[in-house]
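Here is a short report on one protein model. Look at the sequence and the structure first, then read on.

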Amino acid sequence: MNSNRLEAFSDGVLAIIITIMVLELKVPHGTDWNDLTPLLPVFLSYVLSFIYLGIYWNNHHHMLHAVKKVSGGVLWANLHLLFWLSLIPFVTGWMGENHFAELPVALYGVVLLMAAIAYFILQNRILAVQGKDSLLAKALGKDLKGKASPIIYIIAIIASFYSIWIAGALYILVALMWLIPDKRIEIIFKEKE
């Protein structure tokens, strides 16, 4: 089977996840700027999570453009990724509502770590179907960002029990690393043309 249905399903799930997150934002009960202050942690955690979901959507989209065929293993690996991404609204809300307390910040990192691992598994399942000489394999190369991200998440999870500022900075660092869309796949396709 081809990847069209997989991509459409994944897009729908990510749209629902983002919708759930935005519905968790509560309207303040006043009209002053000061009434927004208690909502700042919730809003900041929402912005970070929205960026992360956007990064996953963008890279998932690019990766699936290099896919010629999909197996059952790829479908399950994709569901595994979507499971971890579906937990982002929960940990985002918990972290924001509790003003970036240690345990919610650590659990946020655990979910990000598991999503990164799930993405790696999906990528490898696709490579197993496509082959080692596929366009995707050539585009990924050494995948330094993909290997560095889980290590940074682990450091951030540990750091969250000592300094939420360091943990938060590390989560932002990984997001910044991935914020610019991964052009490796686009470059390989342009070279092929």
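## Ground rules

This is a predicted model, in which local features need pLDDT of at least 70 and side-chain atom pairs count only at pLDDT 80 or more, while totals for chains, interfaces and linings use all residues. Residues are numbered from 1 along each chain as its sequence is written, and side-chain values use heavy atoms, with hydrogens and water left out.

## The whole chain

Start with the secondary structure. The protein chain has nine helices and zero strands. Its pattern along the sequence is α-α-α-α-α-α-α-α-α. Here helices (H or I, at least four residues) and strands (E, at least two) are DSSP runs, numbered from the N terminus.

The radius of gyration of the protein chain is 18 Å, close to the 16 Å that the globule rule gives for 193 residues, so the chain is as compact as a globular protein of that length. This radius is taken over C-alpha atoms, and the rule is 2.2 Å times the number of residues to the power 0.38. Along its principal axes, the C-alpha trace spans about 55 × 30 × 30 Å.

Of the 193 residues of the protein chain, 41% count as buried. Buried means under 20% relative accessible area, exposed means over 50%, and partly exposed lies in between (1.4 Å probe, protein chains only).

The accessible surface of the protein chain is about 10,800 Å². Carbon and sulfur atoms hold 70% of that surface. Such areas come from the Shrake-Rupley method with a 1.4 Å probe; for residues, only the protein chains shown count as cover.

Now take contacts (heavy atoms within 4.5 Å). Among contacts in the protein chain with a separation of 6 or more, 80% join residues 24 or more positions apart.

## Helix 4

Helix 4 covers residues 88–97. Its buried residues are Ile88, Pro89, Val91, Thr92, Met95 and Gly96. What do they pack against? Their partners are helix 1 (4–23), helix 2 (40–65), helix 3 (72–86) and helix 5 (102–130).

## The loop after helix 4

Histidine 99 sits in the loop between helix 4 and helix 5. Its place is just after helix 4. Histidine 99 takes a positive phi of about 50°, although it is not a glycine.

Phenylalanine 100 is found in the loop between helix 4 and helix 5 as well. Phi of phenylalanine 100 is also positive, near 60°, and this residue is not a glycine either. Is phenylalanine 100 buried or partly exposed? Phenylalanine 100 is partly exposed, with a relative accessible area of 24%.
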